[in-house]
Amino acid sequence: MDKSSTKIPILLLFSVFLVATCGLIYELIAGTLASYLMGDSISQFSIIIGLYLFSMGIGSFCSKYFDENLLDWFIQIELLVGLVGGITSSVLFVIFNSVDSFQWILYGLISLTGIFVGLEIPLLMQILNKSNFGFKDIISKVFTFDYVGALLASILFPLVFVPKMGLIRTSFFFGILNTLVALLVLYNYSAQLKYRLTLWFQAIFVFILLTLGFIFSDNILSWAEATTYDEKIIFAKSSPYQRIVLTRQGSNIKLFLNRNLQFSSFDEYRYHEALVHPLMTFTKKPEKVLILGGGDGMAVRELLKYESVKAVTLIDLDADMTNLFRRNEMLTKLNQNALNSPKVKILNQDAFLWIKQNKALFDVIIIDFPDPNNFALGKLYSNTFYRELTHTLAPEGLIVVQSTSPFMAPKSYWCVNKTLQSVGFKTLPYHVFVPSFGDWGYVLATKNEFNKTQNFPENLRFMNDAAFEQSKVFPKDMTQQETEVNKLNNQILVQYFEEEWAKVM
Amino acid sequence: MGKSDVSISRKEFLELSGIALLGSTFGLQTLTSCESATVIQGQIVGANHSIGHLLRKAISLPIHQSHQTKILIIGSGISGLTAGYFLQKAGIKDYKTLELESHIGGNSTFGEDEAGRYPWAAHYLPIPSPENKELIDFLSENKIITGFDENDLPIYDEYALCFHPDERLFVKGFWQEGLIPNMDISEEEKKQIGAFLAEMNAFKAAKGNDQKWAFTIPLAYSSSDTSFTDLDKISMKTWMEQNMFTAKPLQWYVNYCLLDDYGTSIAETSAWAGIHYFASRKGKAANAKDDDVLTWSEGNGFLMKLLAKNQLNNIKTQRLAYQIEEKNGKVSVDVYDWKTEKRENYTVEQIIWAVPQMLRPYVMPQQKSDFIKDFSYSPWMVANIQTIPFDTGRGQALSWDNVIYEGNGLGYVLSNHQELAQDQKTWQLTYYKPLTDNNPADERKKAIAKTHEEWKNEVLTDLKKAHPKIEESILKIDIKLWGHAMIRPTICFIHGQARHEAQQSLNNKIHFAHSDLSGVSIFEEAFFHGAEAAKKVISNIYHGGTD
């Protein structure tokens with residue numbers, strides 16, 4: 001054997017190895033993605049594997065029609081595998097929300113990849129066969145590298161690639177590897193190739209495309225998500241408890257938790273001023289404040305406008321949420337860095353469990369839980385929970401509860417009011433207009449009398465005496481309704497809430 | 001059957017009681033299937049011993065130690081613990097309680113792991129009627145009743161009252177609220193269900209010619225008016241047919257209820273017992289509906305711990321009392337301590353027998369016991385399934401009690417239902433199934449022959465009807481078999497002679513206390529008989545009644 005013919009197999013066998021690795025990875029990506037997006041992992045994996053192997057068979061069958069310019073074809077196929085395999089997962093992610101026949105596009109892409117991969121090995125074997133190698137040797141070497149590559153892929157995929165890179169980036173990465181194989185062969189055998197210019201052009205194009213995809217894969221993911229929101233998504237994270245999404249349109253920032261709007265920076269001051277300040281006008285010199293929920297720090301921002309406030313304890317289940325609003329510059333601008341104030345203590349704990357074991361007393365308690373749209377949240381609006389609060393509230397203390405919309409859900413709103421009364425609180429219901437929410441309600445509660453003891457701060461944008469007087473008036477379409485008391489053993493509030501919001505959604 | 005039938009040979013005793021007493025006699029079958037991570041883990045729970053094995057050892061040993069104690073309680077289920085509880089309240093400290101198992105509690109046994117507690121059998125107590133004074137007092141003393149309102153109605157601890165949603169039923173792909181079928185049923189069926197419930201309410205309000213409630217708890221306070229007690233002579237199924245309650249969904253519902261409370265089907269249960277289920281509960285509360293129940297993650301294990309807390313030093317576990325006889329005006333009890341493998345003898349004045357009646361002939365062979373043959377018990381299988389949260393299906397949200405219409409078992413209880421936290425990382429489902437395909441003895445044999453894998457598949461097959469993908473979310477399934485879980489209130493049992501005879505104390509020295517004396521295996525009845533037996537003993541001790 002001369003020097004050049006020994007050189008062929010090493011490079012080409014290395015290609016076999018990479019090709020096999022990439023091929024199996026595409027199959028795994030498709031299977032994972034299909035079960036991730038459509039569920040039912042057993043069926044999805046089974047169908048994907050079957051379809052993929054069958055398509056490889058088609059590819060192998062077609063290989064007999066390739067007689068000339070085998071190296072050209074090999075490079076061509078290699079580039080196609082890289083391109084299709086590389087972009088498959090991002091294409092699927094992006095179209096998932098908008099295409100009805102998602103499943104068929106998925107199967108189409110899988111078949112295409114399978115056919116190309118199926119062509120690769122037979123083509124390579126033909127190439128090798130045309131050199132001076134024994135058939136036995138070729139079979140033995142090619143399949144050895146093929147299977148070793150497969151093993152490597154199947155081990156690295158779950159252990160390294162999925163956890164470290166994620167599906168989209170892994171997909172691009174192996175597309176790039178395929179393209180590199182093509183480039184390597186192209187470079188080494190340039191002289192033997194008929195269509196080298198076209199191939200060079202294609203290879204560089206595919207390489208750049210996939211590299212860009214690799215770099216910007218995070219953006220692709222958020223772009224895929226953006227199809228469900230009107231605005232541009234600037235942050236998205238799944239915490240152990242909820243999906244946190246921030247969007248921006250112009251200067252308006254919105255926070256969504258599990259797709260429910262929590263605030264819009266455009267008008268959140270209305271919501272938070274109304275939550276915090278009326279309560280404060282009825283207390284003398286509140287020093288110790290407890291906030292339940294409200295991990296965005298906006299209520300704390302309002303509280304820190306009072307010099308008397310010495311310590312704020314904030315209980316929010318989700319550490320990702322409070323960390324985000326302590327660290328993200330855009331958000332700390334919104335809450336004026338309130339969560340980093342030395343007066344603030346943040347406890348990422350379950351509110352009910354914390355309240356049950358708490359011994360300390362607070363002058364003021366601000367309750368800003370999500371709306372009672374499930375039985376877990378309904379517990380936090382129960383008479384039992386409010387009774388626990390009485391053990392946590394100083395004798396002169398006050399509570400305010402965000403209580404959903406008295407316009408959209410009047411029974412729910414008045415049920416919160418009644419439940420607070422049922423455990424011995426005097427209540428003062430009021431509501432304000434927050435454009436992005438609608439008409440929103442709160443209930444003040446105390447065991448004492450509502451005596452105004454201090455004025456609204458000067459520097460507010462919305463709340464003052466006149467606005468508060470007005471907010472205590474409930475027009476005819478929101479007047480008080482007869483409801484039951486919300487208890488752990490009836491969860492009537494969740495029922496009211498579901499019925500009322502079902503009407504308007 | 002006569003006396004000869006009862007004098008079974010020792011060998012038969014060993015075999016019978018081996019399966020008789022212990023859910024855990026299935027030790028030899030204990031399997032741990034954790035071959036690989038994809039296999040659902042779990043085991044058949046229980047200790048590694050059988051009574052037969054124990055007894056063979058016991059009778060070959062000399063007596064190691066002799067004890068004198070005034071009172072001996074045999075069994076630490078609810079009736080035994082209640083007896084001890086009332087002895088303590090009367091200031092009597094000189095008693096011992098013997099328990100065969102290595103843990104106390106009987107049917108109120110519970111399990112516990114890093115994720116929380118879960119029941120192994122009884123898991124709730126309906127709020128009792130105000131007339132059940134002793135039980136109300138017990139609940140008040142232990143702050144389960146936190147006070148009484150202006151109408152003297154008890155105020156219950158809100159954390160113990162079952163949270164909403166409490167019940168749901170899976171019918172044709174959808175979870176409906178409540179267990180009475182109401183989806184997709186005809187007008188006629190709806191009418192029958194309404195009429196049946198109205199009839200049951202009439203029984204609930206009915207009194208006999210002796211001015212006692214026709215049906216009440218404790219059952220002993222029910223009227224002996226034959227116009228009601230004659231219902232014991234026919235089956236619930238016959239009674240329903242006679243009264244035109246033939247609608248399939250209604251019969252399914254009634255059958256479900258009876259299996260749930262008694263482990264007997266509608267055809268086996270007497271009509272008196274069947275109606276008793278629907279008509280005996282007359283609970284009232286200031287802060288709960290009449291049909292609300294009290295429940296805890298460990299089920300009635302919570303109440304059991306309260307009964308036991310002041311008498312733990314009196315209880316000796318891992319003790320088998322295998323021979324009781326009167327000697328010189330006292331009672332001699334032979335006991336085998338299977339932990340230390342030593343034989344003990346107790347000389348006592350009074351005995352409270354708080355274990356099933358079926359064991360009497362073997363432990364007290366000289367005593368008349370031909371009536372015992374009428375006492376039969378249903379075997380049960382209970383599975384505790386730990387899962388990560390899963391898709392709970394369409395319709396009503398995941399509830400405390402989740403039942404599959406025409407399912408193979410009785411559905412599952414969400415044992416962590418009373419937890420308060422927003423985020424629960426694991427769920428504990430307790431799945432119940434009385435074994436009623438054949439007669440109890442055959443079912444017992446079949447049950448112990450099955451492997452963990454077979455039980456697991458049986459449970460999964462049933463659950464998958466409602467949750468096709470539940471297998472992906474399961475972390476482990478533990479199985480417990482109860483050979484003699486519940487007394488069966490079959491035709492003529494509750495108002496028959498055997499139950500009456502079994503309650504009579506022997507020579508005013510040996511007193512009986514177990515829910516099987518009521519014919520109904522519920523907490524209230526066990527509590528009642530424990531309290532009654534304690535009263536007899538207290539009266540004998542303080543008034544020198546032991547002659």
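Q: What is the strand order of the open sheet of seven strands in chain B, and what pairing does it have?
A: In this predicted model, the order is 9-8-16-17-18-15-19, and the pairing is mixed. The twist from one strand to the next averages 25 degrees.

Q: What makes strand 9 and strand 19 of chain B the edges of the sheet?
A: Count the partners. Strand 9 (174-177) and strand 19 each have a single partner strand, so one side of each is left without a neighbour in the sheet.

Q: Why is strand 19 of chain B called largely enclosed by the rest of the structure?
A: A residue is buried if 20 or more other C-beta atoms lie within 10 Å of its own. Twelve of the 14 residues of strand 19 (residues 474-487) are buried, so the strand is largely enclosed by the rest of the structure.

Q: How do you know that strand 15 and strand 19 of chain B pair?
A: Two strands pair if there are at least two bridges between them. Strand 15 (residues 377-387) and strand 19 are joined over ten bridges in the antiparallel sense. One place to look is Met381(B), whose bridge partner in strand 19 is Leu481(B).

Q: Which helix of chain B lies across strand 15 and strand 19, and at what angle to strand 15 does it run?
A: Helix 13 lies across both strands, running at about 35 degrees to strand 15. Helix 13 covers residues 440-449 and includes Ala441(B).

Q: Why does Ala441(B) count as partly exposed?
A: A buried residue needs 20 or more C-beta neighbours within 10 Å, and an exposed one has 12 or fewer. Ala441(B) has 14 such neighbours inside 10 Å, so it counts as partly exposed. For a sense of distance, Ala441(B) and Glu150(B) are 52 Å apart in space, C-alpha to C-alpha, and 291 residues apart in sequence.

Q: What makes chain B as compact as a globular protein of its length?
A: Set the value against the rule. For 547 residues the globule rule gives 24 Å, and the radius of gyration of chain B is 23 Å, close to it, so chain B is as compact as a globular protein of that length. The C-alpha atoms fill a box of roughly 70 × 65 × 50 Å along the principal axes. Chain B has 16 helices and 20 strands, and 51% of its residues are buried.

Q: Why is chain A called more spread out than a compact globule?
A: The globule rule gives 23 Å for 505 residues, while the radius of gyration of chain A is 32 Å, well over that, so chain A is more spread out than a compact globule. Its C-alpha trace spans about 100 × 40 × 40 Å along the principal axes. Chain A holds 17 helices and eleven strands, and 45% of its residues count as buried.

Q: What makes strand 2 and strand 3 of chain A a hairpin?
A: Strand 2 (residues 243-249) and strand 3 (residues 252-257) pair in the antiparallel sense over six bridges, and there are two residues between them. In the turn, Gly250(A) has a positive phi of about 60 degrees. Across this pair, Val245(A) stands opposite Phe256(A) of strand 3.

Q: Which strand of chain A forms a hairpin with strand 3, with Asn258(A) in the turn?
A: Strand 4 does, again with two residues between the strands, and Asn258(A) has a positive phi of about 45 degrees. Four bridges join strand 3 to strand 4 (residues 260-264), and the two run antiparallel. Lys254(A) stands opposite Ser264(A) in strand 4.

Q: Which residues touch the most other members of the largest nonpolar core?
A: They are Leu72(B) and Ile352(B), in a core of 150 residues. Helix 16 (residues 523-542) of chain B gives the most to this core, with nine residues. Beyond its neighbours within four places in sequence, Ile352(B) is in contact with residues including Ile71(B), Ala83(B) and Val537(B).

Q: How many residues does each chain bring to the contact between chain A and chain B?
A: Chain B brings 13 residues and chain A brings 14 residues. The chain B side has eight nonpolar, two polar and three charged residues.

How values were computed
Residues numbered from 1 in each chain as written. Chains lettered and ligands numbered in written order. Predicted model: local features only at pLDDT ≥ 70, side-chain atom pairs only at ≥ 80, totals over all residues. Contact = placed C-beta atoms within 7 Å. Nonpolar A, V, L, I, M, F, W, Y, C, P; charged D, E, K, R; others polar. Rg over C-alpha atoms; globule rule 2.2 N^0.38 Å. Core = buried A, V, L, I, M, F, W, Y, C linked by C-beta atoms within 7 Å. Axes fitted to C-alpha atoms, helices over the stretch in contact; angles between N-to-C directions.
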